[in-house]
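Please read this briefing alongside the sequence and the model below. The points are grouped by topic.

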Amino acid sequence: MIHRAVPGDEAALEAHLARRSAGSMFLRGNLVAYGLGHADHPHATTYHLFPARGPIRAVLGLTRSGMVLCQCAEAPEAIPAFAAALAGQVVSGFSGEAGPTGALIAALGFDPARDFRMHHVEPLFRLDLAALPEGEAHLRPPQPDEREMLVGWFAAYMAETGLGVGDPAAGIAEAQDRARAAVAPGSSVRLLLCDGRPVAMAALNARAGASVQVGGVYVPPGGRNCGLGRAVTRALLAEARAGGAAEAILFANNEAAAQAYRSIGFVQVGEYCIGFLHGPRRAGGQE
């Protein structure tokens, strides 16, 4: 009923995913960055396509780090086959449109209340960048001497959103890794400046074709409730539009963020599930 994608499937796979871009950006971005799962990177992804023959109607991705990426809103009948493909595989978390992803989690026997350290269903938003409002903002990439500040910002961001791991030492190590990547050449992280001082950050966490996905929007507590999150997101997207992007996707972790995104034109197009297990598990219930 399904088959594993092989070289030569890339164009058909991207064409299918692009039609449901709002719920598919991690699948699309990983395909662009790492191809069909042969790269030795935690985000490199193995793709399973449904049905085995004919036009693609659903896609299952499994990254090297164990993240399950589910896109089968058009073909929920693919869920049993996808669950069978995951049986015995090491899984660390799930990401995808809420309905199908929830069905896959249930089919694998995982319980969100028992097995997950984080399980969120968040509003999923889309914006046609031709409608992005104009504005002025001072935006730039972070500098190497700002790494210590960024470690604190990333640690706070992960704690507030639930993305951080439970162990404090591991959380700091992850924040340090993110800060190191943020100051590296080619990073999409941008800082909003006020009087020359960084006051907020935002980044792109996926890009494919003319589509971008926003992630990592953070405003330190002292600067909240004065439009900085909205400003840094708008400025980041203006930069992306200047680079050829035509649509933007994001999901909102809380209502304040959702209101900020609506204020710059984002429209809710669905719900998105993102969840992390307490630890890696073999699908089927084995530790």
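Predicted model: local features only at pLDDT ≥ 70, side-chain atom pairs only at ≥ 80, totals over all residues.

**Helix pair and sheet**

Helices α1 and α2 are roughly antiparallel to each other, because the angle between them, about 155 degrees, lies over the cut-off of 145 degrees for that description.

**How α1 and α2 pack**

- Two packed helices are described by the angle between their axes and by the distance between the axes.
- For α1 (residues 10–19) and α2 (residues 25–34), the axes are 10 Å apart, and the crossing of α1 and α2 is left-handed.
- On the α1 side the contact is made by Glu10, Leu13, Glu14, Leu17 and Ala18, which meet Leu27, Arg28 and Leu31 of α2.
- By residue class, this contact of α1 with α2 comprises 5 nonpolar residues and 3 charged ones, with no polar residues.

**The sheet**

- An open sheet of mixed pairing is formed by 12 strands, in the order β1-β2-β3-β4-β5-β12-β6-β11-β10-β9-β8-β7.
- The edges are taken by β1 (3–4) and β7 (138–140), each of which has a single partner strand, so one side of each is left without a neighbour in the sheet.
- Strands β9 (residues 197–208) and β10 (residues 211–218) run antiparallel and are joined by 6 bridges, and alanine 208 stands opposite serine 211 in β10.

**How the helices lie on the strands**

- Helix α1 lies across β2, β3 (58–63) and β4 (67–71), and runs at about 105 degrees to β3.

**Histidine 48 in strand β2**

- Histidine 48 is found in strand β2, which spans residues 45–50.
- Is histidine 48 buried or exposed? Histidine 48 counts as buried because its relative accessibility is 18%, and the cut-off for buried is under 20%.
- Leaving aside residues up to four places away in sequence, histidine 48 touches Ile2, His3 and Arg4, then Ala58, Val59 and Leu60, and also Phe82 and Ala85.

**Helix α4 and the glycine after it**

- In helix α4 (residues 98–107), the buried residues are Ala98, Pro100, Thr101, Leu104 and Ile105.
- Glycine 109 follows α4, and the phi of glycine 109 is positive, near 85 degrees.

Terms used:
Residues numbered from 1 in each chain as written. Heavy atoms only, no water. Helix = DSSP H or I, 4+ residues; strand = E, 2+ residues; numbered from the N terminus. Buried < 20%, exposed > 50% of the residue type's maximum accessible area, 1.4 Å probe, protein only. Contact = heavy atoms within 4.5 Å. Axes fitted to C-alpha atoms, helices over the stretch in contact; angles between N-to-C directions. Parallel < 35°, antiparallel > 145°, perpendicular 65-115°, else oblique. Left-handed = near helix turned anticlockwise from the far one by under 90°. Nonpolar A, V, L, I, M, F, W, Y, C, P; charged D, E, K, R; others polar. Pairing = 2+ DSSP bridges.
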